[in-house]
Amino acid sequence: MPGDSDESYGRWKTLVPFLYDWFAHHRLVWPSLTCRWGAVLEQQSYKHKQRLYLSEQTDGTPTHPNTLVIVNVDVIKRRVAAAEHMIFEEESRSPFVKKVKTIVHPGEVNKIREFEAAPNLIVTHSDAPELFLWNIDTQGGRSGNKAAAA
């Protein structure tokens, strides 16, 4: 029944602070088919900054190409986040998630892998038989699209 799932979802949202040590969300313009945690970039006493790779599956038109989104996430360590800071609101973006770069990708991104020896290199896979190798330090980011830059 549709009402039951809506009720369960609403109940889960209210229980987020009690179920998780830390919770952050980041609303994208388009849905994501895959995500992958990358290297830990920096350690602090109450949090660490970690790289996260996301994909955006668009309609694939020239005005809305599929993208690979690179973000840095401030992950709060266990038992540090206050319950009132872990409210889940679908329409907002987490202040803990900061976009670094958006790269236009040929086709949908179905898999992302990072090289541990060279964290600036990632490999992506799509429906095509080829693998795509990206140097995220030198690869140009997408610009000029206000929806993608938001």
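Predicted model: local features only at pLDDT ≥ 70, side-chain atom pairs only at ≥ 80, totals over all residues.
User: Okay, so why is Leu68 called buried?

Analyst: Leu68 has a relative accessible area of 0%. The cut-off for buried is under 20%, so Leu68, at 0%, counts as buried.

User: Where does Leu68 sit, and what is it in contact with?

Analyst: Leu68 belongs to strand 3. Setting aside neighbours within four places in sequence, its contacts include Leu54, Ile103, Ile112, Ile122 and Trp134. What makes each of those a contact is heavy atoms within 4.5 Å.

User: What makes the set with Leu68 and Tyr53 a nonpolar core?

Analyst: A nonpolar core takes buried residues of the listed nonpolar kinds, joined through side-chain atoms within 4.5 Å. The largest such set has ten residues: Tyr53, Leu68, Ile70, Ile103, Val109, Ile112, Ile122, Phe132, Trp134 and Ile136. Tyr, Leu, Ile, Val, Phe and Trp are on the list of kinds that qualify. Strand 3 (67–76) and strand 7 (131–135) each supply at least two residues of this core. There's also a second, separate core of eight residues, with Leu28, Leu54, Val69 and Val71 among them.

User: How far apart are Leu68 and Tyr53, in sequence and in space?

Analyst: They're 15 residues apart in sequence, and 7.1 Å apart in space, C-alpha to C-alpha. Tyr53 has contacts of its own beyond four places in sequence, including Cys35, Ile70, Ile112, Ile122 and Ile136.

User: What about the overall layout: how many helices and strands, and in what order?

Analyst: Two helices and seven strands, running α-β-β-β-β-β-β-β-α from the N terminus. Among contacts between residues at least 6 apart in sequence, 59% join residues at least 24 apart.

User: Now the largest pocket. What's its volume, and which residues lie nearest its centre?

Analyst: The volume is about 250 Å³. Twelve residues line the pocket, and Ala24, His25, His26, Leu52 and Leu54 lie nearest its centre. Strand 1 (35–43) and strand 2 (47–56) each supply at least two residues of the lining.

User: How does that lining divide into nonpolar, polar and charged?

Analyst: Nine nonpolar, three polar and no charged.

Key:
Residues numbered from 1 in each chain as written. Heavy atoms only, no water. 1 Å grid on protein atoms, 1.4 Å probe; cavity = no way out; pocket = protein on both sides within 12 Å on 5 of 7 lines; lining within 4 Å. Points joined across faces, edges and corners; volume = space filled by probe spheres on them. Helix = DSSP H or I, 4+ residues; strand = E, 2+ residues; numbered from the N terminus. Nonpolar A, V, L, I, M, F, W, Y, C, P; charged D, E, K, R; others polar. Buried < 20%, exposed > 50% of the residue type's maximum accessible area, 1.4 Å probe, protein only.
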